[in-house]
Structure formats: C-alpha cells, structure tokens
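Could you walk me through the enclosed spaces in this protein? I would like to know what surrounds them.

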Amino acid sequence: MAVNAVLKQRMADLGITQEELAERMNAALLEITGRPGEVSDRTVRNLLSGATRRPIGRTRRALEAVFRCPLKDLGFVSPSITAPPEGPVERRHFVTAGPALALTSATLAFGSPRRIGVSDIERLHRRFADVIAKDHRHGGQRAIEHKAATLADEALDLQRSGSASQRIRKQVYASAAAFRSSAMWAAIDGRRFEDATGHMHIAQQLAEMAGDPYIKFRIWSHAGTMYRHMGRPADAVAANDVARKLSITRQDPMFASLGLARQGAIHGAAGDGTAVRRAFDQAQDAILRADPEAQRPVWMNAFYDQAELDSLAMSAYLALGDFTRAEAHGHRCLAALRPHMHRSKAIATTRIARAQLEQGDVEPAVASAMSVPADAAIRHPRVAGMLHAFGRRLEVIAPGTALAHAWAQFARDTWRKPE
C-alpha cells in the first residue's frame, strides 16, 4: 500500500489533523444529506495509508466537499461506476445546504465561478446587524429565528456560488455560524429549547469550520444560558466553561466579564450564594479593566455592558431569594440601558416588580409590572411568562386585595391579544 501523499499534503495545507478531517467530513455530510456522518479516525487513516484507494458514496462526497475539488485531485482513483441517483430529500439538501460545496457540476460545465469577496462579507455583516437589531426590539419571536436560520443557509449557498480565498471562505462560515447562533438565541428566548438545541449543533459545526473564537464564544455562552433556563445547572456550567476557556477571554477582559457574569447567573440558579458573589465581583472587575475602544464583534457591542452585567446579577439574586440586592441591580440596569434595548428593559422591569413584590412592597410592584409595554407582555414569551408568574405570586401575597383586583383587570384589558 502506498501512502496517499497528495491527501497528506492537502491536509497540511489546511492545517488539520486526522481527527479534525473526520469532524469536517461529518459536518459536510450533515449539511449535504441531512443525516449525521459516521467518518471515524480509522476511516481517515485508511484514506491516508492507501488502504482505501477508491472512496465511494458518502466518503467521496465528504472529501470533495471539505477540500472543494474532485476526488482525483486528492490522490485517489475515481470510482469506475456511476453513483445511483439521489432521492428527492437528499438531493434537496445537496443543492441547498452543503457548507463546503464550492464547485457544483454546473460550475464545472459552464465555466469559471464568480469570485466571492469582501463586498459579499460586508453584505452578510449588514444583514447580521439587522437581525441583532430586531432581536433587541422584539426578541424570542419565531420570525426572527426563522429569518436568522434562512440567512445562515443563504450564506452557505454563497460558498458554492463561486471561488474565494481561504480567508474569505472562513468568514462566510463565520457569518453562517453567527446567523445560526442568532436563531439559537431567538429559540432560547422564546423557550423553544428543542429548536434551540438543533440550531446549536449546526452553529457549532460551522464555527469549527470558520475557526472563529468569537463566534465559538457566543455559541457556547448561549448554550450555558439555555441549559440554565432548562434547569440543568451542571450542563450550564460545563458549556459556559468552554466559552470562558477560549483565548479571547484572556486577551479581552470584556469577554472574560461576560463569561463570569453568565457563570454567576448559573450559580444563582443552582443556589450557590458564595459562588454568585465571587463571580460578579470578578465580572465587575473585568469590565472595568476592558478597553471601551477595543474592536469587538457587532453582537458583543450591541448588548454587553454594565447594564447587562447588572441584569444578570439581578437574575442571580432573584434566584437566591436576595430580593433587596436583586432590586438594586435592577434599578442600576434600567439606569444604564441603551435606548435600543427594548426587550432588556421589559425583562428588567418585570424582574424589579417581582423583587418588590417579594419584599412586600405590593403597590410599587404592581406599578412596575403595569409599566411593562403591552407589546412585550403579549409577544415576548419570556416576559409574558414572568408576568403571569408575577400575577400568581400576587394572589398568594395579597389575595383579594384591591391591588390584586386592579392587576387582574389591567392584565385582561391591556394584554388581551387582538382578534
């Protein structure tokens, strides 16, 4: 058996190991066929050693997708048989989804593809910024989730529409991962955790192909938040730790601060008061050390600041039952919130109302809850759920009172969904 020196060199050009090639092939197969790949390290070893000289079927597809070239250009003997026709579902995935399908048969037949360049990346960035803006205004909506997922697929379609440098291709993958992470976040915010998990798996694969630590941080940090909301604090800590161990948290204290603040919120859900206080002390120290002029991704600049740190602290202390401290962080959050943070303002106001209610300050609590915009109360699943919980808790703390009746009437009249 002769070692496949061509494949070995192509792997070296990409800077990937046998294990990483197997992962990329599996990711490509998931996108091409809609089914997870089963490529193992042993499969890759056989390809490199010459034990497999004629890769066929899914192995062939995966190789051509990852390296973006015909099989013969990878040092293999092309199969002598014609592959069977694809089924309709598999063909649909092959045409529309494949993340590494750079050269289609049409491209080969009709000439050179167009060049994908910086202008394409800038267009993707503008569309991503629009998704972020809509999320801050509305949040949790299925429309935002579906739009972000569609844009991720469009970014992948761009990969197969023309040629590009390796740097540009990585940026396209990063954009696709960013869109998927936004779809994931919209599903988390809307409490659609099964959908969020599906978006997470795709986003993680795309982020690996992009090699972008910033989007990896976003995805794993979102995963930690998702597991926290699902009541799985051990998984939440583990996922958030992946984000916190990325090199960018050592390079930029702002990322370190966000990782610590989200860790503090997880500790709050787990009931560990000592860990909560330690995490938020460290998060506060880190954000004060961060350079406000440093270049960061648009999603980071759009939401993380002192207001978000206080929002996470408020969530943690509410979970701990430290309602006085929770309310204090809530007022700090509202004072620092930027005007575009509509969803965050609704969430913070609702949490303040709950903190006030738990301290026995029923009248200001009801006033706070009534100040939440009706649009958020109706359309944002997380806000709606918290306000319903507020109403149930009000009936326990102040049953039959005028304030309880006033709240019930207000909720019926103000938040009734339009016919």
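Here are some questions and answers about this predicted model.

Q: How many helices and strands does the secondary structure of the chain come to?
A: Let's start with the overall fold. The chain has 419 residues, and 49% of them are buried. Its secondary structure comes to 23 helices and 2 strands.

Q: How many cavities of 30 Å³ or more does the structure hold?
A: A cavity counts here if a 1.4 Å probe fits but cannot get out. With the 30 Å³ cut-off, the structure holds 2 cavities.

Q: Which residues are closest to the centre of the largest cavity?
A: The largest cavity contains about 330 Å³ of space. Its lining is made up of 22 residues. Those closest to the centre are Trp185, Arg262, Phe303, Glu308 and Arg343.

Q: Which elements give two or more residues to the lining of the largest cavity?
A: By class, this lining has 8 nonpolar, 6 polar and 8 charged residues. The elements that give two or more residues to the lining are α7 (118-137), α11 (213-229), α16 (298-303), α17 (306-320) and α19 (342-358).

Q: Which helix gives the largest share of the lining of the second largest cavity?
A: The second largest cavity has a volume of about 100 Å³. Of the 10 residues lining this cavity, the closest to its centre are Arg24, Val66, Arg68, Tyr173 and Met209. The lining divides into 5 nonpolar, 1 polar and 4 charged residues. The largest share, 4 residues, comes from helix α9 (residues 166-189).

Note on methods
Residues are numbered from 1 along each chain as its sequence is written. This is a predicted model: local features need pLDDT of at least 70, side-chain atom pairs count only at pLDDT 80 or more; totals for chains, interfaces and linings use all residues. Side-chain values use heavy atoms; hydrogens and water are left out. On a 1 Å grid over the protein atoms alone, a cavity is a set of points where a 1.4 Å probe fits but cannot get out, and a pocket is an open set with protein on both sides within 12 Å along at least five of seven lines; lining residues have an atom within 4 Å of a point. Grid points are joined across faces, edges and corners, and a volume is the space filled by probe spheres set on the points. Ala, Val, Leu, Ile, Met, Phe, Trp, Tyr, Cys and Pro count as nonpolar, Asp, Glu, Lys and Arg as charged, and the others, Gly among them, as polar. Buried means under 20% relative accessible area, exposed over 50%, partly exposed in between (1.4 Å probe, protein chains only).
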